[in-house]
Amino acid sequence: KKMKDKLLTHRVVTFLTREELDFLDKLEKDMMFSTGRHLSRAQIIQDMADILTQTKMNASGIKDDGELKARIMEAIAKLVQE
């Protein structure tokens with residue numbers, strides 16, 4: 001929702017593996033060293049959520065994490081093809 005042209009945000013707590021955290025840190029450092037601009041891990045995760053929102057993915061019937069990942073990949077692939 002927008003309130004006076006500001007997005008209302010909410011804090012989300014997540015648990016990441018060391019590998020997932022290292023990957024986000026690498027993205028953050030790659031951006032910093034290549035452009036001099038900083039984007040936080042939180043911003044990277046927010047941008048990923050924004051991309052998923054654009055896919056308008058339907059999660060009905062998903063039974064497990066593997067199925068969710070497959071559905072996400074399909075939705076992103078369709079978005080890229082558009």
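This note comments on the helices and pockets of a predicted model.

1. Helix α3 covers residues 65-81, which makes 17 residues. The distance from its first C-alpha to its last is 24 Å, close to the 24 Å expected at 1.5 Å a residue.

2. L27 belongs to helix α1, which spans residues 18-35.

3. The largest pocket holds about 1,100 Å³ of space. Its lining consists of 24 residues, and I45, Q46, M48, A49 and L52 are the ones nearest the centre. Helices α1, α2 (41-55) and α3 each contribute at least two residues to this lining; the largest share, 8 residues, is from α2. By class, 15 of the lining residues are nonpolar, 4 are polar and 5 are charged.

4. The second largest pocket has a volume of about 160 Å³. Among the residues that line this pocket are Q54, M57, R71, E74 and K78. Two or more lining residues come from each of α2 and α3, and α3 gives the most, with 5 residues. The lining of the second largest pocket comprises 3 nonpolar, 3 polar and 4 charged residues.

Definitions and conventions. Residues numbered from 1 in each chain as written. Predicted model: local features only at pLDDT ≥ 70, side-chain atom pairs only at ≥ 80, totals over all residues. Heavy atoms only, no water. Helix = DSSP H or I, 4+ residues; strand = E, 2+ residues; numbered from the N terminus. Expected span 1.5 Å × (residues − 1). 1 Å grid on protein atoms, 1.4 Å probe; cavity = no way out; pocket = protein on both sides within 12 Å on 5 of 7 lines; lining within 4 Å. Points joined across faces, edges and corners; volume = space filled by probe spheres on them. Nonpolar A, V, L, I, M, F, W, Y, C, P; charged D, E, K, R; others polar.
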